[in-house]
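Q: I'm new to this structure. Can you walk me through it?

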Amino acid sequence: MLGEREKEVMSGDCSSDNNIEKENSLSYTGFNPEKAKCDIVKWISEWFSKNGKESPAVVAISGGKDSSVVTALCVEALGRDRVYGVLMPQGVQHDINASMDLVNHLGIDYCVINIGKTVKIITDEIESSMDRILSEQAKVNLPARIRMSTVYAVSQTMNGRVANTCNLSEDWVGYSTRYGDAAGDFSPVSGLTVHEVRAVGEALGLPKHLIYKVPEDGLSGKSDEDNLGFTYDVLDRYIRTGEIDDMKVKELIDRKRKFSRFKLELMPAFKMEAPIKAEDSKN
């Protein structure tokens with residue numbers, strides 16, 4: 001059964017050819033947020049028809065633009081009754097209200113699972129067993145991987161499908177945790193830059209404080225741009241046009257791209273020279 005929001009989309013909103021070009025990066029691409037929204041909604045609907053006709057979409061909700069937009073797209077495609085949010089603060093989360101605003105705005109079911117104690121227990125166990133302190137990178141990545149394990153446990157309990165919420169800008173420079181937020185069963189916005197995700201969020205009618213919330217990893221206490229060393233304005237323009245003014249920043253972006261490309265590729269596997277005669281049809 002179609003949700004009310006999906007009915008609105010299917011009834012004609014997707015025919016709009018109007019461009020919403022409120023940010024400089026969008027003007028380089030001729031990006032059409034309404035069309036992108038409707039194309040993604042259709043893609044999600046078709047994907048679930050083949051990979052889980054009765055299954056819910058399960059989304060890890062942080063309160064930022066990416067999880068907000070992905071959740072709203074899933075509601076458009078499947079109806080609010082087939083979208084489930086998982087909120088996972090680590091101890092006290094200063095911006096948990098943003099996550100609550102999203103689930104209340106969309107009217108979806110959700111649960112809150114605090115991973116603070118789990119992170120501490122595993123950290124203590126590892127450090128005592130190894131007799132050494134976790135590296136800073138391990139400390140940053142461990143909560144993301146615990147969160148994804150938690151989301152999958154919730155999803156399997158519901159026979160759900162886990163949404164990946166990464167965008168093209170983050171993926172381009174490897175700003176994700178492998179087997180953490182980079183995991184998922186389907187990925188609605190991995191082809192969209194940060195600016196494009198925001199524009200789709202506007203087309204979806206999401207509250208602006210969710211769309212334009214300062215991006216941060218929620219783990220290190222720093223913004224995304226502080227961690228990266230450049231702005232998304234610069235990165236998105238470079239991705240879509242190849243244009244960039246600061247050559248040092250270009251070198252930094254290119255270097256991050258080179259050394260993180262493996263995150264987007266299948267795990268390397270040894271190719272055994274032996275016959276496989278079992279039927280292996282994709283249909």
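The chat below goes from the whole protein to single residues.

Q: What should I know before I start?
A: This is a predicted model: local features need pLDDT of at least 70, side-chain atom pairs count only at pLDDT 80 or more, and totals for chains, interfaces and linings use all residues. Residues are numbered from 1 along each chain as its sequence is written, and side-chain values use heavy atoms, with hydrogens and water left out.

Q: How many helices and strands are in the protein?
A: There are 13 helices and four strands. Helices (H or I, at least four residues) and strands (E, at least two) are DSSP runs, numbered from the N terminus.

Q: What share of the protein is buried?
A: Buried residues make up 46% of the 283 residues. Buried means under 20% relative accessible area, exposed over 50%, and partly exposed in between, with a 1.4 Å probe and protein chains only.

Q: And how much of the contact set links residues 24 or more positions apart?
A: Such pairs account for 72% of the contacts with a separation of 6 or more. Contact means heavy atoms within 4.5 Å.

Q: Now the sheet. What is the strand order?
A: The order is S3-S2-S1-S4, in an open sheet of four strands with parallel pairing. The edge strands are S3 and S4 (161-162), and each pairs on one side only. Two strands pair if DSSP finds at least two bridges between them.

Q: How many bridges join S1 and S2?
A: Four bridges, in the parallel sense, join S1 (residues 57-60) and S2. Ala-57 has Val-83 of S2 as its bridge partner. Helix H4 (residues 65-78) packs on the sheet and touches S1 and S2. The direction of H4 makes about 165 degrees with that of S1. Axes are lines fitted to C-alpha atoms, for helices over the stretch in contact, and angles run from 0 to 180 degrees between N-to-C directions.

Q: Which residue stands opposite Val-58?
A: Tyr-84 in S2. The chain crosses from S1 through H4 to S2, and this β-α-β crossover is right-handed. Right-handed here means that, with the strands pointing away from the viewer, the path from the first strand over the helix to the second runs clockwise.

Q: What about S2 and S3?
A: S2 (residues 83-87) and S3 (residues 109-112) pair in the parallel sense over four bridges. Val-86 stands opposite Cys-111 in S3. Leu-87 stands opposite Val-112 in S3. S2, helix H5 (residues 96-106) and S3 make a right-handed β-α-β unit.

Q: Is S2 covered or open?
A: Mostly covered: five of its five residues are buried. Val-83, Gly-85 and Leu-87 point one way, while Tyr-84 and Val-86 point the other way. In a regular strand the side chains alternate between the two faces of the sheet.

Q: Tell me about Leu-87. Buried or exposed?
A: Leu-87 is buried, with a relative accessible area of 0%. Not counting residues up to four places away in sequence, Leu-87 touches several residues, including Ile-61, Ile-96, Met-100 and Val-103. Leu-87 and Asn-114 are 27 residues apart in sequence and 7.9 Å apart in space, C-alpha to C-alpha.

Q: Where is Asp-101?
A: Asp-101 is in helix H5. Asp-101 counts as partly exposed because its relative accessibility is 33%. The C-alpha atoms of Asp-101 and His-209 are separated by 9.7 Å, and the two are 108 residues apart along the chain.

Q: Which residues of H3 are buried?
A: Among them are Pro-33, Ile-40, Val-41, Ile-44, Trp-47 and Phe-48.

Q: What sits at its two ends?
A: At the start of H3, a side-chain oxygen of Asn-32 reaches to within 3.1 Å of the backbone nitrogen of Glu-34. Just after H3, Gly-52 takes a positive phi of about 155 degrees.

Q: Which residues other than glycine have a positive phi?
A: Asn-159 is one of them, with phi near 55 degrees. Asn-159 lies in the loop between helix H7 (136-157) and S4. Tyr-179 also has a positive phi, about 65 degrees. Tyr-179 lies in the loop between helix H8 (168-172) and helix H9 (194-203).

Key
A polar contact is a pair of N or O atoms within 3.5 Å; within protein, one must be able to donate a hydrogen and the other to accept it, and residues adjacent in sequence count only if both atoms are side-chain atoms.
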